[in-house]
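Good morning, colleagues. Please look at the sequence and the model that I am about to show, and keep both in view while I speak.

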Amino acid sequence: MRHQGPWRWRWRRGGPGRPPKPRLIGVQPKAMMFIPLDEFRIPIQGEPIHLSPDEVEALRLVYVEKLTQEEAAKKMGLSRGSLWRCLETGRRKLVQAIIEGRPIILSY
């Protein structure tokens, strides 16, 4: 059974410093892996690219839900700068996966 409401996600980081702030994730995606196929419909092998839950949620809120970065940041419980960094890394990873034909894994 999937969780229906927002859930808190925090990436783990070892070492000194302030612990990362938890992010509110509204929807947990159903699919966990996307594998590209060649022209003969054979899966392309390659090193997968991992998208974190905060990157997926930031991309969903801004590009699917059409929220502004400020609104999306409030919904996730982040600053606008942190949301921008999530969007930037998420976009870079998606474009890299498309250009290089690499699998995409949603890491949870």
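I begin with helix 2 (69-76) and helix 3 (80-100), which pack at an angle of about 100°, with their axes 9 Å apart. The axes are lines fitted to C-alpha atoms, for helices over the stretch in contact, and angles run from 0 to 180 degrees between N-to-C directions. Helix 2 and helix 3 are therefore roughly perpendicular to each other, a term for angles of 65 to 115 degrees, while under 35 counts as roughly parallel, over 145 as roughly antiparallel and the rest as oblique. Helices (H or I, at least four residues) are DSSP runs, as are strands (E, at least two), numbered from the N terminus.

A word on the source: this is a predicted model, in which local features need pLDDT of at least 70 and side-chain atom pairs count only at pLDDT 80 or more, while totals for chains, interfaces and linings use all residues. Residues are numbered from 1 along each chain as its sequence is written, and side-chain values use heavy atoms, with hydrogens and water left out.

Which residues meet between helix 2 and helix 3? Helix 2 brings Gln69, Glu70, Ala72, Ala73 and Met76, and helix 3 brings Arg80, Leu83, Trp84 and Leu87. By class, this contact of helix 2 with helix 3 has six nonpolar residues, one polar and two charged. Contact means heavy atoms within 4.5 Å.

I turn to helix 1 (53-64). Helix 1 and helix 2 pack at about 135°, their axes 9 Å apart. That angle makes helix 1 oblique to helix 2. Here Asp54, Glu57, Ala58, Leu61 and Val62 of helix 1 touch Ala72, Lys75 and Met76 of helix 2. Five of these residues are nonpolar, none is polar and three are charged.

The largest nonpolar core has 12 residues, including Ile25, Ala58, Leu59, Ala72, Met76 and Leu87. Such a core is a set of buried Ala, Val, Leu, Ile, Met, Phe, Trp, Tyr and Cys residues joined through side-chain atoms within 4.5 Å; buried means under 20% relative accessible area, exposed over 50%, partly exposed in between (1.4 Å probe, protein chains only). Helix 1 gives the largest share of this core, four residues.

Finally, Gly46 lies in the loop between strand 3 (33-34) and strand 4 (49-51). Gly46 is partly exposed, with a relative accessible area of 39%. Gly46 and Gly101 are 55 residues apart in sequence, yet 7.7 Å apart in space, C-alpha to C-alpha.

Key:
Ala, Val, Leu, Ile, Met, Phe, Trp, Tyr, Cys and Pro count as nonpolar, Asp, Glu, Lys and Arg as charged, and the others, Gly among them, as polar.
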